[in-house]
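Please look through this short briefing with the sequence and the 3D picture side by side.

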Amino acid sequence: MSAPYPKYASNEGVIDRAAALLGDRLVHAREEVGEIALHIRPEALVEAMTILRDGLAYQQLMEIAGVDWPDRDPRFEVVYCLLSVTRNHRLRVHVAADDVTPVPSVTSIWPVAGWLEREVYDMYGVLFAGNADLRRILTDYGFKGHPQRKDFPLTGFVELRYSEEHKRVVYEPVKLAQDFRSFDFMSPWEGAEYVLPGDEKAEPEAKGAPTPLKADEVKK
């Protein structure tokens, strides 16, 4: 065996075979940094994915990711990472999307897409038509906005906690108790000016590292 792991199959001919099978469902294809990306029309996504699974043997859906391009129209891209187990080859499928028009769900082809589509919805706000349980999955209850959007604010003035009274997570203005927030900001190598409990009788140590004892000075 020349390598400790199976080598990935070559990209040679993959785009031509995919283009022949997908027809007008394919917007364009490209090979970049050793990877092949197929850009598909959103309305033809389910048909295209079925062809890639049955016709080109990409049996597994490994991941669904979102990308935000604020200056583009439509703004978002949904990226599907496919794996051919029999050919040991990976492929990316790109679909343009916005936060209004739903992208067809691929849960009918790969049930695992249910949770993956929920992640993209939660982080970017992209909707998926046909997902029977399109709820937030990574953020907390009542979260507002979509954290992976590039215009999402990074700071805020509210905090969340679980309320026993309401039996749910609630948002409240930030409250920082100042009673015990006393800091001296002194370097730990310089030592604090105050004496810690139990150190009252300790003799002060001379500056500098103590000189190590010689072998004949060590008490046995």
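Just after helix α1, G23 takes a positive phi of about 60°; helices here are DSSP runs of H or I with at least four residues, strands are DSSP runs of E with at least two, and both are numbered from the N terminus. This is a predicted model, in which local features need pLDDT of at least 70 and side-chain atom pairs count only at pLDDT 80 or more, while totals for chains, interfaces and linings use all residues. Residues are numbered from 1 along each chain as its sequence is written, and side-chain values use heavy atoms, with hydrogens and water left out.

- Helix α1 covers residues 14-22, and its buried residues are V14, A18 and L22, where buried means under 20% relative accessible area, exposed means over 50%, and partly exposed lies in between (1.4 Å probe, protein chains only).
- Seen down the axis of α1, these buried residues fall within an arc of 45°, so they line one face of the helix; the arc is that of the directions from the helix axis to the C-beta atoms.
- On the face of α1 that is turned away from the buried side, one finds the exposed residues D16 and A20.
- The cover over the buried residues of α1 includes β1, β2, α2 (45-54) and β5.

**Backbone features in the loops**

- Most residues other than glycine have a negative phi, and most peptide bonds are trans.
- V33, which is not a glycine, has a positive phi of about 45°, and its place is in the loop between β1 (26-32) and β2 (35-40).
- Because its relative accessibility is 76%, V33 counts as exposed.
- N88 is not a glycine either, yet it has a positive phi of about 55°, and it is found in the loop between β4 and β5 (89-97).
- The peptide bond from D73 to P74 is cis, with omega near 0°, and P74 is found in the loop between β3 (60-68) and β4 (76-84).

**A buried loop residue, I109**

- I109 lies in the loop between β6 (103-104) and α3 (113-124), and with a relative accessible area of 9% I109 is buried.
- Leaving aside neighbours within four places in sequence, I109 is in contact with V46, M49, T50 and R53, where contact means heavy atoms within 4.5 Å.
- I109 and E47 are 62 residues apart in sequence, and their C-alpha atoms are 9.9 Å apart in space.
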